[in-house]
Amino acid sequence: MLFAMLACLCAVAPGGMVDAKTTRATSADNAPEPVPRVLDIAVGAQRQIAPGHALQRIAVGDPAVADVLWLKSSGGVNSGLLLVGKSAGRTEMMLWEKGSTQPRTFTVNVTTQAARELLGSDTPAVDVLGGTAVLTGSAANVESHQRALAVAKDAIGKSADGAAGSDSKDAGKQDNGSSDAAASATKGGGVYDASTVAVRPVVQVDVKVVEFSKSVLKQAGFNLFKQNNAFAFGTFSPSSLTSYTGGATTNLQVQGTSPVSSAFNLIVNLGTRGIFANLSLLESNNLARVLAEPTLVALSGQSASFLAGGEIPVPVPQTLGTISIIYKPYGIGLTVTPTVLGANRIALKVAPEASQLDFQHALTINGISVPAITTRRADTTVELGDGESYVIGGLIDRETMSNVDKVPMLGDLPIIGSFFKTLQYTQNDRELVIVVTPHLVSPIAKGAPLPGTPGEQSEQRDGPVWRSFMGGVASNDMAPGFSK
């Protein structure tokens, strides 16, 4: 038996010695490869691969993604492979070497030129699998996420174009309905986003709304009455003469009121001369400032709104003589939509609106007077940093009205004509200013003490009711409630 073993060893290794290195190499070639190799290549690019061993067979999983050409030298000996990227996607390539039963497996990732330029360490990974693009990983900000999403859409669009071309070539072999369905599925909604954005998604928007209203009113009116024996003369502003009595045998008797209601009156009466004069002058300036400071909290990409005003019921006629009621909002309203772009950048869409009831243009519906609504509205989008502010202004509404009542011809005379006419001048100015400040915020941690609510420090529970009641101001105890 010993001689038989020696004969076998001599047959394997000439010279009577065993080549251990050759034996280990052969066993390693026959063993399956635990980790597949990964090859990255761009669409339209070429890459030469030198396997290092003689090959006997090559297989590519999806030739539409990548293709392999077998290169040979002038003597016909294998000199390597040429890998060509055809479309964005992922496939596998298997190589069988001579004398080995287990293939060597390569994973081939084909990306577009846009992906090479736009994708990086701060963007999610984009994997194109057939007609579907999958985004995985985390993005540093929204801009990085948008770059990865653009790459995915670009890759899907090119894949859809390739699929449409192959379907047109194989129209005689495949069912037309299934081809159209596959093409539409490839072109529409083939991007699945499983990535995340590493920013705080909650935005607190501090809003300060200031409405400034200014009105100017000027009125002037004059009454004059002169009586001498049987002769009487007078001029009165509209609606200031209530009654008069006169005739051929009686003196003229006049009863009048102030030319301008709620005005300052200058009255002159000369009884011996029979002269009575009443001059009414009124000038008023009204200033009003309405302030609202709401705080809105919204997720990135979601909207938040508020309304400082009310809702007016509006009757709507229905069939069979019935009436339904709908409510129309009015007042100062604001809608904000924040989008977190990065660690300190926020894109904010703001839509302010200011409306008020207009009774001058009211509409009557089934005997019910419904006022019109005057609206001022704006819509803008800005990009701000955390804590930065901006102001929306220019929402100005001005109404000017001038009314002159006069006696024809006499009211046009210089100086003297002022005694034969009345003037009413009104001007209303409204200006709306909105200051918006966004903040990136986080919720209060679990178990952390909550801040005090307004009035909580002054509120009393089970206080000394009777002692403060009997002592009055002499007692140092606070009265029940919030103040003394």
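# Close-up views of a predicted model

**View 1. A nonpolar patch sits on the surface.** Leu-410, Leu-413, Ile-415, Ile-416 and Phe-419 together make up this surface patch, with about 470 Å² of accessible area among them. Patches are made of residues with over 30% relative accessible area and no salt bridge, where like charges are joined within 9 Å and nonpolar side chains (Val, Leu, Ile, Met, Phe, Trp, Tyr) within 5 Å. A salt bridge here is a side-chain nitrogen of Lys or Arg within 4 Å of a carboxyl oxygen of Asp or Glu. Areas are from the Shrake-Rupley method with a 1.4 Å probe, and for residues only the protein chains shown count as cover. Leu-410 belongs to the loop between strand 25 (390-406) and strand 26 (421-440). Leu-410 has a relative accessible area of 35%, so it is partly exposed.

**A note on the model.** This is a predicted model in which local features need pLDDT of at least 70 and side-chain atom pairs count only at pLDDT 80 or more, while totals for chains, interfaces and linings use all residues. Residues are numbered from 1 along each chain as its sequence is written, and side-chain values use heavy atoms, with hydrogens and water left out.

**View 2. The whole chain gives the setting for the close-ups.** Six helices and 26 strands are found in the chain; helices (H or I, at least four residues) and strands (E, at least two) are DSSP runs, numbered from the N terminus. Of its 484 residues, 28% count as buried. The chain exposes about 30500 Å², and carbon and sulfur atoms supply 57% of that area. Among contacts with a separation of 6 or more, 61% are between residues 24 or more positions apart; contact means heavy atoms within 4.5 Å.

**View 3. The largest nonpolar core has 25 residues.** A nonpolar core is a set of buried Ala, Val, Leu, Ile, Met, Phe, Trp, Tyr and Cys residues joined through side-chain atoms within 4.5 Å. In soluble globular proteins, nonpolar side chains tend to be buried together. Which members of this core touch the most other members? They are Val-209, Val-336, Val-350 and Ile-434. Two or more residues each come from strand 13 (202-228), strand 19 (295-299), strand 20 (304-317), strand 21 (323-340), strand 22 (345-365), strand 25 and strand 26. Leaving aside neighbours within four places in sequence, Val-336 is in contact with Val-205, Leu-296, Gln-302, Ser-303, Ala-304, Leu-348, Lys-349 and Val-350. Apart from this core lies another, of 14 residues, among them Leu-39, Ile-49, Leu-55 and Met-93.

**View 4. Salt bridges join charged side chains.** The count comes to six salt bridges. One of them pairs Glu-97 with Arg-104, whose closest N and O atoms are 2.8 Å apart, and both of these residues are buried. Arg-377 and Glu-353 form another, with their closest N and O atoms 3.2 Å apart. This pair links distant parts of the chain, with Arg-377 in strand 23 (residues 368-377) and Glu-353 in strand 22, 24 residues apart. Arg-377 is exposed at a relative accessible area of 58%, whereas Glu-353, at 27%, is partly exposed. Asp-412 and Lys-406 also form a salt bridge, the closest N and O atoms being 2.5 Å apart.

**View 5. His-145 meets Asp-193 through side chains.** His-145 is in helix 4 (residues 142-169). Is His-145 buried or exposed? Its relative accessible area is 10%, so His-145 is buried. The side chains of His-145 and Asp-193 make a polar contact (2.6 Å). A polar contact is a pair of N or O atoms within 3.5 Å; within protein, one must be able to donate a hydrogen and the other to accept it, and residues adjacent in sequence count only if both atoms are side-chain atoms. Val-134 is in strand 9 (residues 132-136).

**View 6. Asp-358 is a residue of strand 22.** With 16% relative accessibility, Asp-358 counts as buried. Its side chain reaches the backbone nitrogen of Gln-360 at 3.2 Å. Leaving aside neighbours within four places in sequence, Asp-358 is in contact with Pro-371, Ala-372 and Thr-374.

How values were computed:
Buried < 20%, exposed > 50% of the residue type's maximum accessible area, 1.4 Å probe, protein only.
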